[in-house]
Amino acid sequence: MIPELGHYALVLALLVALAQSIIPLYGAHRGAGRLMAFGEHAAYIQFLLLALAFLALVQSYLVSDFTVLNVVQNSHSLKPLLYKISGAWGNHEGSLLLWVLMLALFGGLVALFGGNLPASLRARVLAIQALIAVGFLIFMLATSNPFVRVIPPPLDGRDLNPLLQDPGLAFHPPLLYLGYVGFSLVFSFAVAALIEGRIDPAWARWVRPWTLVAWTALGAGIALGARWAYYELGWGGWWFWDPVENVSFMPWIAGTALLHCVSVVEKREAFRAWTVLLAILAFSMSLLGTFIVRSGLLTSVHAFAVDPERGVFILVLLFIAIGGSLALYAWRAPKLSGGGSFQTISRESGLLLNNLLLSAACGTVLVGTLYPLFMELISGDVVSVGPPFYNQTFVPLMIPLVILMGIGPFLPWKKADLGKVFSRILGAALASVAIAALAAILLGGGPVMAVLFLGFAAWLVLSSLVELADRIRLFRAPLRDSLARLTGLPRRQWGMTLAHAGLGIAIAGMTGSTVWKQEQIETLQPGQSLEIAGYELVLERVDHITGPNYQSEQAVITVMVDDNPIAVLLPERRFYPVQRMPTTEAAIRITAGGDLYAVLGETDQALSEGYLLRVYFEPLVIWIWVGTLVMSIGGIISIAARQPVTKAKTKPKAEPQPAE
Amino acid sequence: MRKGTKGLLFLLPSLIFVAAAVGFFLGLDPDRDPRAIPSPLVDHQAPEISLPAVEGLGLPGIEPAMLKGAPVTVVNLWASWCAPCRIEHPQLMDLAEEPGVRMLGIDYRDQPAAAVRFLKELGNPFEAVGFDQEGRAGIDWGITGVPETFFLDSEGRVRHRHTGPIDADTLKNNILPRVREIGGLTG
């Protein structure tokens, strides 16, 4: 009964979405207030229906209803409760439902908070948002219905892929989708603005917080994913330039660019056509990600079950959404160019350069991701593009970007005095060089790039702090004055400072853990030990453990420094009998200086009767998580920034607005 | 900028997207396997191998002559310590039932006693099993890991290679048609 209710709610949601995509659009065209207002009611109803469908699926997982095919394929009665819940979105159908639910959530939020938007813009945004939902709901009902029953029901389920049985999975996909789908709203705003033919500071003030929501959620989702890969996959790596990682990274880069140029539209009304294009591209990249993950187009560790039929369906959706919006762009955007003028040295040109570099970076990742596919189609050669490509293309692009990031916030709008700016940042620059030099001496040299990037990390943190100190006139005004200024700073200011400094912190972690990583692989008998980075690891014994839905070998390793035990590491090697799949559970000792990371490998009987231990020392890796967390906090603070009042609500909502 | 060029500039994103979409469509060809790793051995003579028998197994080792003659010779690299090999094994048993197929195993970096136990427990699909203690054959054949399977024609040329375990679907939809094609057998 519950699954049928869920299925029925999905069908109803499709019908509501259809109405929501047509009626307000027509109403906005005719200037009919009643028809436009329909969009808001429909948005609420659509959200409630999809929430109902989602809860129905979760309920089916909770009670292990093995008459539902989706539950059979991805759950097991013995699975821990948390993974029963998260299992609902740990598969193609369920995650698609979550995707559509978020789409409706953003529609509902516009209906709820959009009171001060011009009625026609609000109606059009809601209609476009519903149009996207229509596409995905048809896709779901036609090819990927999560509520399909199976008769006769099996006795038990096939369990969830053990790699996905991790607390990280409970939060990583929802955050990632919140980001992906958040850009849908920005996209809807862009398309609505193209239809209206008008983009003004009020539009930008609306788009900015939604871009921030998507940007923050996507960034946090990517960071959680990296963290999950770090401790679950057992290679001690946190980023592999895997196609699926790349497709989540690209909308984030595009979103970063959008975030910066939307404020130019807001303050100076320049870059309008470019901003709209970025808004379309950010969501296009999200859709592209959905397409690649679910079609089996590229090989990846993350891909869902390969199904070319679904692939063709999503490609059609992609073609309508991206192709349609870009065509609309080609038609309407030429009217949008122009705007406030500015000098060569100004905040505008700084942001222009920022956007050029970010676009180039995004394009680089796109080329690297799709190159193998196109190469294979054109020449038949199978190639793979790995970290060396990105190290030689993406990383160098980051150098000017990071330098600019430190300078940009000091540049005033319209026209800047370069000499003045330099004198303000000279201290931070010199201190960064000193820190890089110190790091080089302490670490006994090391690759030039690594030392350079440690300097950049310092530069980002220091220049952000200097800019903050500048703003509150620290040491120039009485301390009490400065404190008053500090508490009175606009939240956007805090957001920027935290985001820039957070990236600096994360860069330090990325550099340290990539360049100075140490690795030891040895076969040990109980009682033997190995040494890494000044630690001595003694393998005490290996225990056999039975978990709720797995069996496990657990190594007990004592970590010694100067013959004193300081910690015990318990890496595991699990075997999940239902999925017949082994996983490694790494044991990690986290310190500010670096992580000690131990993995119990396969028992190599050919070599000896010992246990294969892989041990890594990952310097500074914790700072990646700290840095990304600081960036996310910056994003959240900035979202909550009070929006300057644009237009007083003079008219009641239902009153018709004149058509243009 | 002239008006025409400017319009073209705004059209550019659409054009790039359409080109990409055509590529995506071609890439969705169901016969295309993005996981396929081409082996330099494909369509070349298989490397000569001569491996001793596994002690206590009661099967002969591998002689170079065994790689030719049968319509299809299947060379499977496996080990008792390899968990995916366990998953793959039932499919190898099915494959051995196919007419015209000669199954050869290479026991990769294993212990004889464990290997004997493995085949006793799961059944033996092989006519002969060579014992590759140092992993020499693995290097000669350029494997990425165990299990890995090579399909040779009657001339001893490598015609197909499969990396990783062969699951039931792959056997039915991918491997068996290839085996019949190599052996010149239909149905």
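Mentor: Happy to. Two residues are in contact if their C-beta atoms, placed from the backbone, lie within 7 Å. In chain A, residues 24 or more positions apart account for 74% of the contacts with a separation of 6 or more. This is a predicted model, where local features need pLDDT of at least 70, side-chain atom pairs count only at pLDDT 80 or more, and totals for chains, interfaces and linings use all residues. Residues are numbered from 1 along each chain as its sequence is written, with chains lettered from A and ligands numbered from 1 in the order in which they are written.

Trainee: What does chain A average in pLDDT?

Mentor: pLDDT is the predictor's confidence in each residue, from 0 to 100. Chain A averages 87, and 93% of its residues score at least 70. Over residues 645-660 of chain A pLDDT stays under 50, and the model has 23 contacts beyond four places in sequence for them. Where pLDDT is low, the predicted coordinates should not be read in detail.

Trainee: How many helices and strands does chain A have?

Mentor: Helices (H or I, at least four residues) and strands (E, at least two) are DSSP runs, numbered from the N terminus. Chain A has 18 helices and ten strands. Mean confidence is lowest in strand E7 (residues 581-585) of chain A, at 80, and highest in helix H18 (residues 622-639) of chain A, at 95.

Trainee: What share of chain A is buried?

Mentor: A residue is buried if 20 or more other C-beta atoms, placed from the backbone, lie within 10 Å of its own. Of the 660 residues of chain A, 50% are buried.

Note on methods
Buried ≥ 20, exposed ≤ 12 C-beta atoms within 10 Å, placed from the backbone.
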